[in-house]
Amino acid sequence: MTRTTPPRPADITGLFPELRDYSATATRLHPRPGKPTSADSSVGGPLLWPADGPWPVCTDGDTHYVFQLRTPATVRRSREIIAAAQARATASGSRYSLSDEERAELPRYDFSEPRELLSQPVPLVPVAQLYRRDIPDFAGPDGADLLQVLWCPLDHPDAGYNPRVRVYWRHSADVGKRLDAAPEPAVVHGTYLPVPCVLHPEQVREYQYGGLLPAELDDRITAWEEETGHSYQYDLSLAPGWKVGGFANWSLTDPYPMNCADCGTTMTLLFTADSGEWDGGSESWRPAEEPADAPHNPADVTIGRGYSLYVFRCPASYEHPPATAMQ
Ligand SMILES: [Zn+2]
Ligand SMILES: [Zn+2]
């Protein structure tokens, strides 16, 4: 099933034609739980990876901030238990509740596996695999047809208490013999282990974050919002949810420069992992095909207190390191 963003509630470039100069396309990924293979674009799915290539690991060891360490098996079992209880509630029209057995199987809120498990290198987990053929806003080196995003599924104090992200571009035809099963970390922070999802990519038009527009234009848009009750930020400029390309929403801290650590060039938004597809004030972005009670966080990833993790790339070279910002 395709996913279609409903028309925006106002024609913003009809009202403010100058916005065309501050516009870009983005590809909403619309991840939904499924069974992707390494031949598919996915969120949290298996990666097309060479059998003889090293799997990336994080060696930050003791410097990780430790909070509720869980085994991946526990995270998956907990999701099954909660999904079963939700399905029962939906089927019977009753209130969501867990049986005593289910409750006993879920880890207590304050439970954590021993932090000694972090003294070993932590294999990164697949976050997204994106084939150029599926993603209208794919960006990558000439000839590369595959972008892979991985992260260390723990909090890194020197990365804003976020997962540490790595990106890889590949020529899929060059992979050769494929890795059958990726190594898994002994423990993760549960909200950084995405549910395996298939994608329903859709290209949308975005407009730059208000604080990064010329002040005079931003002021006129703000005055128009006050007059009409429309929201440029929530409904008219930036798509929420997992996406490729487009612009970042800087509403948490206000904009700060993202410059390449290698060459100082202003970086470009490559990829966004998000805590929800249309939560909070962004309900207008819920796809037309989906009912109001559809789960709004299908990948079950939470960044901070429900924020987005933006991954930026250097436009001067794909070999320069990415950078991340939580907003
Ligand atoms: Zn790490
Ligand atoms: Zn650079």
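The four donor atoms around the zinc ion (ligand 1) subtend angles of 102 to 115°, which makes the arrangement tetrahedral. Four donors count as tetrahedral if all angles lie between 85 and 135 degrees. This is a predicted model: local features need pLDDT of at least 70, side-chain atom pairs count only at pLDDT 80 or more, and totals for chains, interfaces and linings use all residues. Residues are numbered from 1 along each chain as its sequence is written, chains are lettered from A and ligands numbered from 1 in the order in which they are written, and side-chain values use heavy atoms, with hydrogens and water left out.

Which residues hold this ion? The protein donors of the zinc ion (ligand 1) are Cys58 (SG), His64 (NE2), Cys152 (SG) and His156 (NE2). Donors are N, O and S atoms within 2.8 Å of the metal (3.2 Å for Na, K and Ca); water is not among the atoms, so sites may look incomplete. Along the chain, the donors of ligand 1 follow the spacing C-x5-H-x87-C-x3-H. The pair Cys58 and Cys152 links distant parts of the chain. Cys58 is in strand β4 (residues 57–58), Cys152 is in strand β8, and they are 94 residues apart. Helices (H or I, at least four residues) and strands (E, at least two) are DSSP runs, numbered from the N terminus. Both Cys58 and Cys152 are buried. Buried means under 20% relative accessible area, exposed over 50%, and partly exposed in between (1.4 Å probe, protein chains only).

## The open sheet

Six strands form an open sheet. Their order is β2-β11-β3-β7-β8-β9, and the pairing is antiparallel. β2 (32–33) and β9 (162–170) stand at the edges, each with a single partner strand, so one side of each has no neighbour in the sheet. Two strands pair if DSSP finds at least two bridges between them.

Strand β8 (residues 146–156) pairs with β9 over eight bridges, in the antiparallel sense. Leu146 stands opposite Arg170 in β9.

The zinc ion (ligand 2) is coordinated by Cys260 (SG), Cys263 (SG), Cys314 (SG) and His320 (ND1), at 2.1 to 2.3 Å. The four donor atoms subtend angles of 106 to 112°, so this arrangement is tetrahedral. The spacing of the donors is C-x2-C-x50-C-x5-H.

Cys260 and His320 link distant parts of the chain, 60 residues apart. Cys260 is in the loop between β13 (243–245) and β14 (268–274). His320 is in the loop between β15 (308–313) and β16 (323–326). Cys260 is buried, with a relative accessible area of 5%. His320 is partly exposed, at 21%.

## Helix α4

Helix α4 (residues 215–228) has 14 residues. At 1.5 Å a residue they should span 20 Å, and the end C-alpha atoms are 20 Å apart, which agrees. The expected span is 1.5 Å times one less than the number of residues.

The buried residues of α4 are Leu217, Ile221 and Trp224. Seen down the axis, they fall within an arc of 60°, so they line one face of the helix. The arc is that of the directions from the helix axis to the C-beta atoms. These buried residues pack against α1 (12–15) and α5 (232–237); contact means heavy atoms within 4.5 Å. The face turned away from the buried side carries the exposed residues Ala215 and Glu226. Gly229 follows α4, with a positive phi near 85°.

## Arg108

Is Arg108 buried or exposed? At 61% relative accessibility, Arg108 counts as exposed. Arg108 is found in the loop between α3 (100–105) and β6 (122–123).

Definitions and conventions:
Tetrahedral: all angles 85-135°; square planar, octahedral: opposite > 155°, others 65-115°.
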